[in-house]
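Here are my notes on this model, as numbered points. Please read them with the structure open.

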Amino acid sequence: MSDLAAVAALEPDDRAALLVPWMDRRMHSGRAMRRGAGGLPLALAEPALREQASDHRMHRRLFAWPALLACAELDGDPQEYARIAASCERAWHDRNDVRHLALAQLADAPPHLLMAVGERVLRDAVMTAVQSRDSTAATLAAAERWLRRTAESAAARGDTRRAAFAARLLCHVIDDPRRAGPREPLRLDARTARSVWSTVAAGQGAPLDTPPETLTTLAGLLASHLAELPALEDLMRRTAEQHDDPEVAARAAALWIRPPATRERRCAELVRLDPSFAAVPEVLRTLATRRTDLLDDVLEAAVRDGLRGRVRPRATPWAPRLRPADTGRWLPYQRGKWAAYLAAVASDERAPSRERADAAALVGSREELTALAANAPQPVAAAALGALGSVGALGTTGPVTAELLNTVLRHAGAGGVRGRAAMSAVRRLLDAVPDSEAVALPASLLRNPANPVGTRKEAGRALGALTGPAVVEAFLAAWDEPAQHRDVRAVIAPYLLRAIDRADIADRLSAGMREQAVREAVLGPRTPSVPRGHRTSYTAFLNGLLRDGDDDTVVATCRALPAHLGADGSTDAVRLLAELSVDPTRSRDVWQTAVQQLASMPPEASTPSVMASALRTLLLRARSGDPHIRAGALRRLDACATAIGNRQSVDGHQAVKAAIDALEEAGLFPQAVRLAQEAALRAVRRGDAAPAPWERLLELIGERPERLSPMGSLHFDADDRGIAAAALEAVRLLRGHGSGAAGRLALALVRTAGRTTDWKDPWPDELTALREHPDPDTSVEALLVDPGDAG
């Protein structure tokens, strides 16, 4: 049953007629029972789903409750849905995974069913989720969605009491510290928002002694219309000014200043009352962009005690992130005071590292940043170096100079987090200067073996982002450095591939392929693409690796051929693979990988004829009187048979025939039979009714039926008319042969075709004929086949 959504569109009686037989055949599969029951009429599905919901195995309960709710939802009766929802109390008190899926199912119910759920059920489910220790953010998100949809649906229907009840419960979910995500207001119109607040204020939807933090959350849910709720607005002002909890006071302040018409005035009131309100992001944004006249008091408080106050009870450094476009509005002396404050925080040895790093990232003075990069701890120095790259690239403090680049490059040689940050700054600075001038800077860093490996790798990547002939020469100079690390060469190698048409570069890369890191960089799937004009040179390079590389290089090249070999080099590659396949001096890994790759090469590259020639060479060795030579040749013939048999292409019949003949002459009859059997079955799969493959298979089996390979995984599309005709011809040919092996083959074909087509004609008649087969084993096996068994 692949599409239960289509089944759900049927009438209840039609759904039952379709699903009940399907479920009866899968009665031992709990998953199938739950999937099918979700589409049944509720009266039929409820007993089975209740049983699974009470099972001691959690995975059954996990899906039984949502299936039961989905079934009631499909039924569409609000009273029945309310009854089922009320009966899910065990799901709320179950493990979190069970609770989460049940809540998620309830949250997506249609609006008319949401309204049917009783308030007691709503309260019990949500409060259990909030109070359970194992509830996760995902579970709370499902409960929040359920409550939001309930509140908004109730408001749309004019039921403000229910909307207020859901909003009050929603406050508990939003206030839970495990909840993740922003605090979004409810989608209500102004009239409904006033009604909800009036209901709450009158004590009809919540107790009169609702704590201020909960009312602050409720105000956030009604924030879109807060200007039309003066009592709630005034409550937010008092909460911001008087509440002891800094987090609640900050949220209340953000809500109080939300109305645009009064935002600037209210921000001024808050800051004059307590400068620490500037730490509220909404207040700070207004001060930085609209009320810069209030910044003096804020900056003085920040310098004096770290903006300590109601919102920031502890005197800790304060370094908010402000956009340059915002600070650009300030007066020069304000920007100077702000820069000095940030520099002081970044340099303060007593301040926590995180605050110091945040402040360093905002410093805009090259001199201050240079000093921090040289003297501060690593996290702070790394932030300073990142800021130095940004400041230099933007040109806000002047053009990029050689002194600036040298300063950053000097730190890039230090390694660690400081070195990585410096190299990131180098790349940003290089973007701001012409490529012709920028090449020498990372090139000097890349060549110096005294620099850390990580720094040289970053320098190589920075150099690779540049263009021009000087870049290639810089990479070659770094490659030729005698003490250069292999990982650095692995970074350089993909960039050298861009100039693979140069013989000196191809020679260097070929010699470097002995290092695993370089091999992976050149032949890996993420290797940068070679320019179109150099594909011929790249193909010649790959063929050279096959011909002259060591064993590890050859194996890696063989495996990379499908992804990197061009069509113009396929013929040479096939020839080289064949030579590797028969080369007696090569290791087992090499010739085995070469054989596998040779069998998968396209026939357009003369693969069948080259494969046949290699098989003849191995056959000659298999006839040797030397046991060592004979054993080696037989092993390679066996590998060839396996590789050809595993090939999924229907082409290359010449290679298959040559392999079967070679295996037969070498005495490898089981391998020859396996290959011939697969060739005959592939002929059927492509609708070829020729008798030759089956006759050849029976000839190889002879009087030894044990040579026949197992047929348990046989498959073909018997619904296709051409394939069915070919299979029928093969069955009648095999049945007429009369031998036990032929009977087993014919029975396997009939069994597969019958099950595929649900035993449509002519397969029942063929099964009947096989039950009278002269071979007693075939006859008995045919009697055991039950056409009524759909499995």
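1. Start with helix α30. Its buried residues are Val-471, Val-472, Ala-474, Phe-475, Leu-476, Ala-478 and Trp-479. The cover over these buried residues includes α28 (440-447), α29, α31 (486-496), α32 (503-512) and α33 (516-523). Keep in mind that this is a predicted model.

2. Now the overall picture. The protein chain has 46 helices and zero strands. It contains 791 residues, and 50% of them count as buried. Take the contacts between residues at least 6 apart in sequence: 65% of these join residues at least 24 apart.

3. Next, the packing of α30 against α29. Two packed helices are described by the angle between their axes and the distance between the axes. Helix α29 covers residues 453-464, and helix α30 covers residues 469-479. Their axes are 10 Å apart, at an angle of about 160°. Angles over 145 degrees count as roughly antiparallel, so α29 is roughly antiparallel to α30. The crossing of the pair is left-handed.

4. Which residues make the contact of α29 with α30? From α29 come Gly-460, Leu-463 and Gly-464. From α30 come Val-471, Ala-474 and Phe-475. By class, this contact has four nonpolar residues, two polar and no charged.

5. α30 also packs on α31. The two axes come within 10 Å and cross at roughly 145°. This crossing, too, is left-handed. On the α30 side, the contact uses Val-472, Phe-475, Leu-476, Ala-478 and Trp-479. On the α31 side, it uses Arg-489, Ile-492, Ala-493, Tyr-495 and Leu-496. The contact of α30 with α31 comprises nine nonpolar residues, no polar and one charged.

6. Look at helix α22, residues 353-360. Its buried residues are Arg-356, Ala-357, Ala-359 and Ala-360. Viewed down the axis of α22, these buried residues fall within an arc of 160°, so they line one face of the helix. Note that an arginine, Arg-356, is among them.

7. Two backbone details deserve a check. Most residues other than glycine have a negative phi, and most peptide bonds are trans. Leu-307 has a positive phi, near 60°. Leu-307 sits in the loop between α19 (295-305) and α20 (324-327). Is Leu-307 buried or exposed? Its relative accessibility is 0%, so Leu-307 counts as buried.

8. The second detail is a peptide bond. Asp-761 and Pro-762 are joined by a cis peptide bond, with omega about 10°. Pro-762 belongs to the loop between α44 (740-756) and α45.

9. Last, Arg-771. Where is Arg-771 placed? It lies in the loop between α45 (763-770) and α46 (776-784). Arg-771 has 28% relative accessibility, so it counts as partly exposed. Setting aside neighbours within four places in sequence, Arg-771 is in contact with Ser-779, Ala-782, Leu-783, Val-785 and Pro-787. Take Val-785 from that list: Arg-771 and Val-785 are 14 residues apart in sequence, and their C-alpha atoms are 9.7 Å apart in space.

Notes: Residues numbered from 1 in each chain as written. Predicted model: local features only at pLDDT ≥ 70, side-chain atom pairs only at ≥ 80, totals over all residues. Heavy atoms only, no water. Axes fitted to C-alpha atoms, helices over the stretch in contact; angles between N-to-C directions. Helix = DSSP H or I, 4+ residues; strand = E, 2+ residues; numbered from the N terminus. Parallel < 35°, antiparallel > 145°, perpendicular 65-115°, else oblique. Left-handed = near helix turned anticlockwise from the far one by under 90°. Contact = heavy atoms within 4.5 Å. Nonpolar A, V, L, I, M, F, W, Y, C, P; charged D, E, K, R; others polar. Buried < 20%, exposed > 50% of the residue type's maximum accessible area, 1.4 Å probe, protein only. Arc of directions from axis to C-beta.
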